[in-house]
Amino acid sequence: MSVFYRKYQNKNRQSVAYGKWFARAVTIGKTVNVDELARHMSEHNTPYSKGAIKGVLTDMISCVRELMLEGKAVKLDGLAIFSAGIKTKKKGAPTSEDFSTTKHIDSVYMRARATGEFTRAELTKAGNVTELPKNFTDYEDEGNTPQSGGSGGSQSGNGSNSGSNTPPAEEPDYDQPSGD
């Protein structure tokens, strides 16, 4: 098992790291959907059928979304704590009274903070980090491009930086305590 990466150069002239090189995780192959995950799980010596597993996963996804939209955090032990995050405009409001959700909030997104043994330290220790060759073309995904990931959690539900060769405008600080 490997965690693949591609190198990219920071081309943001306003950045203190302008011109420096960084690694960005990429995924290869087709993204596994709920149906394929259920099939994969059913092949791991379980008495449950693919259909039963898919039903539980589908209900779980629906409930996690519902609870997050109610402002709750949902912890799946050994995986992650899922919660909502808010991205505010960089300039902010001059005073508390001037703050407006329509003027000062850019977006709401899903956060996933590793929990249990599935931590950054464990992934770093267990992950076989391998550079994906520049000429790698064995993509199985419809778009025939690797999917870029940041250096940690999910920042946007729309995958807007997938396949991009430019870094995100601002890397979030993933080293904050997770609170578990």
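Student: Why is Pro133 called partly exposed?
Tutor: In this predicted model, the relative accessible area of Pro133 is 41%. Buried requires a value under 20%, and exposed a value over 50%. The 41% of Pro133 falls in between, so the residue is partly exposed.

Student: Where does Pro133 sit?
Tutor: Pro133 belongs to the loop between strand E6 (129-131) and strand E7 (147-148).

Student: How far is the C-alpha atom of Pro133 from that of Arg6?
Tutor: The two C-alpha atoms are separated by 7.9 Å. Along the chain, Pro133 and Arg6 are 127 residues apart.

Student: What makes Asn45 exposed?
Tutor: Its relative accessible area is 82%. Exposed means over 50%, so Asn45 qualifies.

Student: What else marks Asn45, and where does it lie?
Tutor: Asn45 has a positive phi, near 50°, in a residue other than glycine. It lies in the loop between H1 and H2.

Student: Why does His104 count as buried?
Tutor: The relative accessibility of His104 is 10%. For the protein chain, 16% of the 180 residues count as buried.

Student: Which residues is His104 in contact with, leaving aside neighbours within four places in sequence?
Tutor: They are Thr88, Lys89, Gly92, Ala93, Asp98 and Phe99. Take Gly92 as one of them. It is 12 residues from His104 in sequence, and their C-alpha atoms are 6.2 Å apart. His104 itself lies in helix H3 (residues 101-104).

Student: Which residues make the contact?
Tutor: H1 contributes Val34, Asp35, Leu37, Ala38, Arg39, Met41 and Ser42. H2 contributes Lys50, Ile53, Lys54, Leu57, Thr58 and Ile61. By class, the contact of H1 with H2 has seven nonpolar, two polar and four charged residues.

Student: How do you know that E3 and E4 pair?
Tutor: Count the bridges. Three join strand E3 (residues 74-76) to strand E4 (residues 80-88). Pairing needs at least two, so E3 and E4 pass. The two strands run antiparallel. Val74 has Phe82 in E4 as its bridge partner. In the hairpin, three residues stand between the strands, and Gly78 takes a positive phi near 80°.

Student: What makes E4 and E5 a pair?
Tutor: The test is again at least two bridges. E4 and strand E5 (residues 105-114) have nine, in the antiparallel sense. Ala80 stands opposite Ala114 in E5. Ile86 has Val108 in E5 as its bridge partner.

Student: Which strands form the open sheet, and in what order?
Tutor: Three strands form it, in the order E3-E4-E5, with antiparallel pairing.

Student: Why are E3 and E5 said to stand at the edges?
Tutor: Each has a single partner strand, so one side of each is left without a neighbour in the sheet. Neighbouring strands of this sheet are turned by 30° against each other on average, direction ignored.

Student: Which helix lies across E3, E4 and E5?
Tutor: Helix H2 (residues 50-69) does, running at about 45° to E4.

Student: How many helices and strands does the protein chain have, and in what order do they run?
Tutor: There are four helices and seven strands. From the N terminus on, the order is β-β-α-α-β-β-α-β-α-β-β.

Terms used:
Residues numbered from 1 in each chain as written. Predicted model: local features only at pLDDT ≥ 70, side-chain atom pairs only at ≥ 80, totals over all residues. Heavy atoms only, no water. Axes fitted to C-alpha atoms, helices over the stretch in contact; angles between N-to-C directions. Contact = heavy atoms within 4.5 Å. Nonpolar A, V, L, I, M, F, W, Y, C, P; charged D, E, K, R; others polar. Buried < 20%, exposed > 50% of the residue type's maximum accessible area, 1.4 Å probe, protein only.
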